[in-house]
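Subject: Structure handover

Hello,

Here is the structure for you to look over.

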Amino acid sequence: MSGTFLGTPAFPTAARTALEDSQLRRNLAHATGTIRAKRAGVVSEVDDWEQLRLAGEAIKDRVLRHLPDYLEQLERSLVAAGATVHWARDAAEANRIVVDVAQRHGTDEVVKVKSMATQEIELNEALAAAGIHAWETDLAELIVQLGDDLPSHILVPAIHRNRAEIREIFLREMGRAGRAAPDDLTDEPARLAAAARTHLREKFLRAKVAVSGANFAVAETGTLTVVESEGNGRMCLTLPEVLVSVVGIEKVLPTFQDLDVMLQLLPRSSTGERMNPYTSTWTGVTPGDGPQEVHVVLLDNGRTDVLADPTGRQALRCIRCSACLNVCPVYERTGGHAYGSVYPGPIGAILTPQLRGVGTDAQTDSLPYASSLCGACFEVCPVRIDIPEVLVHLRGEVVRAHQRASRVPSVQDMAMKAASWTLSSAARTGAAEKVAGLGGRLAGRLGRTAPGGRAVLGALPGPASPWADSRDVPVPAAESFRSWWERTDGGRSRSDNTDGGRSDGPADPAPGAEGGR
Amino acid sequence: MSAREAILQRARRALADVPAGDPVTDVPVVRPAPGPAPEGAAVVDLFAERVADYRAVVERADTGGAAALVAGALAARTPLAGDGRLRILVPPGFPDGLVPGDVDVVTDGPEVTVAELDRCDGVLSTAAVGIAETGTIVLDHGPGQGRRAATLVPDLHVCVVRSDQVVPGVPDAVALLDPARPHTWISGPSATSDIELDRVEGVHGPRTLHVVLLTPH
C-alpha cells in the first residue's frame with residue numbers, strides 16, 4: 001500500500017521541491033514550534049537534566065562497547081522467559097522470519113504497532129508480497145498508510161498533514177480497507193480519532209498475529225518495552241495469540257534499573273510530556289495473559305557497520321525521540337520526505353548514510369550536507385549524540401569514497417597538492433605571497449564592497465570561478481605577513497605604529513599590543 | 001555460518017578499538033542524585049495533581065468513602081447492553097466491598113474472550129505503584145489488577161490507588177517492580193497528538209481514567 005523512499009532525489013533537489021510547498025511549511029512550522037515549547041517546559045522541571053543525559057549516554061556506550069556480550073545475555077534471558085529468538089543479518093532475512101511466522105499460523109493479516117525498524121526493512125511490502133495485509137494501528141501511521149504516503153517524522157509520521165487533509169483521506173480510503181468513516185465526519189481531531197478507533201477496533205479484536213518493535217530490550221532480564229500514547233500498542237502486544245517483535249541490536253540496555261533513566265529521558269524529549277500515556281513491558285510469555293507465542297528478531301541490517309566506526313558509533317545511542325528533528329532549522333523548512341529515508345532530520349542525516357554506506361548513491365551521499373551545523377540537535381539530544389561532529393566526519397567519508405571511486409584527481413586534489421608543494425618551502429611560500437599581495441592590491445581596485453563594508457573580490461578567473469560566484473571572497477591583504485615582518489622587525493620598528501592600537505590606551509587592547517613589547 | 005554467528009562476529013570485529021580485557025562495566029554510569037523529594041502527604045498531593053493534569057478524574061477518600069466514589073464513577077455511564085445494566089469487569093483479588101451491588105460483574109480470567117471484554121462498560125482495578133512526579137499508575141497485573149487486556153479494552157477504567165503505594169519518582173518505581181512480571185504504566189487516559197499536535201483523549205485504550213485515591217484514617 002504505502003510507497004518506499006526508493007528514487008528520492010538528492011537532498012538539495014528534494015529540499016527545493018519541499019520549500020515550494022507553502023502548506024507543508026505552515027504545517028511543519030506549527031507542529032515543530034508547538035512541540036519545542038512543550039519539551040522545553042518539561043525539561044526545565046527536572047533538577048539535573050544534564051546528569052540524566054550523561055547517564056543515558058553512559059548506559060548506551062556501555063552496551064555498544066560490549067555489544068556481543070549483551071546480545072548473548074539478552075538471548076539467554078529471552079529464551080529462559082519462553083520467547084523464541086531469531087537473528088537477522090539484513091532486511092530480507094528479517095522479513096522472511098516474520099512472513100514465516102504469519103504463514104505458519106495461516107493468517108492473511110497482521111496488526112502492527114508503529115516501529116522504525118520494520119519501516120526500515122519495509123516489512124509491510126514484504127508481507128504484501130506474501131499476500132498478508134499489515135494494518136498500521138498508530139493513528140499517524142494509519143493516516144500515512146491510507147493516504148498511500150510516506151512518513152515524514154519519527155514520532156509524528158503525518159506531521160506534514162493538517163486536519164482537513166486527514167479528513168479527506170479518511171472519508172476516501174477507510175471504506176476500502178475496512179470499516180468506513182462516518183459520512184458526517186468533521187475535521188475536529190476528536191472526531192477523526194473516534195473514526196480511527198472504530199475503524200481499527202474490528203482489526204484488533206480479530207487479529208491472531210501482531211508485529212511490534214521495541215524501544216528497549218533489557219539484557220539482564222529479557223524484558224522488552226514499548227512506549228506509546230494511544231493504546232494501539234497495548235492492543236497489539238496483548239490481544240493476539242502471537243507476537244513478533246523486530247528489535248535493532250542497538251536497543252539493548254544492560255539492566256532493568258537502566259529503564260529508569262530512559263523512561264525519564266524519552267517522553268520529555270519526545271512528546272514533551274512528563275510521561276507518555278502508556279508504557280508496556282513484557283518478559284517472554286506470561287501464562288494466561290497476553291500472547292502465548294512470543295518471537296524476537298534481533299536485526300543487524302547495517303548496524304554492525306555503524307558500530308565499526310568509532311566516531312559514527314554514537315549514532316547507535318539514538319532512542320528515536322525525534323527531539324533533533326523539532327529543533328532543526330533545515331528539517332523545519334523541508335520536512336522529512338526530502339531526506340529520502342525512514343530516519344529523517346539530523347539523526348537521519350548521520351544514521352542513514354552509515355546504515356546504507358557512503359559512496360554508492362548520490363542521494364545517500366547528499367545527507368551529511370543536509371545541515372547548517374548549528375548544533376541545536378546536539379543540545380537537545382537526550383543521549384548526547386554529537387550529530388554535528390558525525391556530520392563533518394561523514395562529509396570526509398563521502399569525499400574519500402569519491403576519491404577512491406575515481407582515480408582522476410579532482411580540482412580540489414590538485415589545488416591541495418600545489419599548496420603543499422608551495423608551503424613546504426619558505427622561499428616558495430614567500431614568493432607566492434608576494435604574487436598574492438600584488439594581485440590583492442590590483443584586485444582591491446577591481447573588487448566591490450560587500451554588505452557591511454568589507455572589500456571583496458569580484459569574479460575570479462579559472463577553476464576557482466564557480467566557488468567565488470557563490471561566495472564573497474575577501475580581498476587579500478595588500479602586504480604579506482612575511483614582508484611586513486621583514487620591514488618592521490616584527491612590529492618593533494616605529495614605522496608600523498602609525499595605525500596601531502598602542503596609542504589608544506588600555507581601554508582598547510588591540511591585537512599586537514602585547515606581542516610588540 | 002548462521003545469522004547469529006555472523007552478526008556476533010561482525011560486532012566483535014567492529015569493536016577492535018575496545019581492549020579485549022575491558023570489563024563490560026568499563027563506562028561508568030552516574031545517575032543523578034535523588035533531589036529533595038516531597039514527603040508523606042506532599043507526595044500524594046503531587047500525585048493527585050499530576051494525574052489530573054492528564055485530564056484523568058482524581059477523587060480522594062478514606063477507606064470508608066471509597067465504595068461511594070467507585071459507584072459514582074460507574075453511575076455516569078450509559079450501559080452498552082439492552083437490559084440497562086452495566087457490565088463491569090472485575091479482576092480476582094479486587095476488594096469485594098468496593099464493587100457496587102447494582103452491576104453485572106464479569107470476573108476477569110483467561111477464559112474471558114476479547115469479544116466479551118469489548119462488551120464490558122468498564123473495569124475496576126487496583127495498582128502496584130503510583131509515581132508522583134509523572135502522575136503515573138503502574139500495574140504489575142497481580143491480584144486486583146487483572147490481565148493486561150482487562151484494563152485496556154473497556155472504555156472506562158476505575159483504578160483504586162492506596163496513598164502508601166505512591167512514590168516520588170520513576171527510579172523509586174523501577175526499584176520496586178519485579179522484572180519477571182509484565183507491567184503497564186498508565187499516565188492519564190489514552191491520548192493522541194497526531195493531528196496537528198492537538199492532544200485528544202481517547203483513541204484505543206479507555207477514554208476515561210478515574211482514579212480513586214485512598215487515604216487511610
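The notes below cover the interface, then the sheets, then the helix packing.

This is a predicted model, in which local features need pLDDT of at least 70 and side-chain atom pairs count only at pLDDT 80 or more, while totals for chains, interfaces and linings use all residues. Residues are numbered from 1 along each chain as its sequence is written, chains are lettered from A and ligands numbered from 1 in the order in which they are written, and side-chain values use heavy atoms, with hydrogens and water left out.

The interface

Chain A puts 90 residues into the contact and chain B puts in 77 (contact: heavy atoms within 4.5 Å). Together the two chains bury about 7300 Å², 58% of it on carbon and sulfur atoms. Buried area here is the accessible area (1.4 Å probe) that two parts lose on being put together, summed over both. In chain B, the residues that lose the most area to chain A are B:R148, B:D194 and B:H204, together 11% of what that side buries.

There are 17 salt bridges between chain B and chain A (a side-chain nitrogen of Lys or Arg within 4 Å of a carboxyl oxygen of Asp or Glu). One of them joins B:R12 to A:E72, with the closest N and O atoms 3.6 Å apart.

Which element gives the most to the side of chain B that touches chain A? That is α1(B), with nine residues. Helices (H or I, at least four residues) and strands (E, at least two) are DSSP runs, numbered from the N terminus. By class, this side of chain B has 40 nonpolar, 17 polar and 20 charged residues. Ala, Val, Leu, Ile, Met, Phe, Trp, Tyr, Cys and Pro count as nonpolar, Asp, Glu, Lys and Arg as charged, and the others, Gly among them, as polar.

The sheets

An open sheet of eight strands takes in both chains, in the order β8(A)-β5(A)-β6(A)-β9(A)-β9(B)-β6(B)-β5(B)-β8(B), with mixed pairing. Strands pair if DSSP finds at least two bridges between them. The edge strands are β8(A) and β8(B). Strand β9(A) runs antiparallel to β9(B), and four bridges join them. There, A:S280 stands opposite B:T184. Within chain A, β5 and β6 pair in the antiparallel sense over three bridges. A:V218 has A:T223 as its bridge partner.

Chain B also has an open, parallel sheet of six strands, ordered β1-β12-β7-β4-β2-β3. Its edges are β1 and β3. The twist averages 25° from one strand to the next. β4(B) and β7(B) run parallel, joined by four bridges. B:V123 has B:H157 as its bridge partner.

Helix packing

In chain B, α2 lies across β1, β7 and β12, at about 150° to β1. Helix α3(B) lies across β1, β2, β4, β7 and β12, at about 165° to β7. Axes are lines fitted to C-alpha atoms, for helices over the stretch in contact, and angles run from 0 to 180 degrees between N-to-C directions.

In chain A, α2 and α12 pack at about 145°, axes 7 Å apart.

Best wishes
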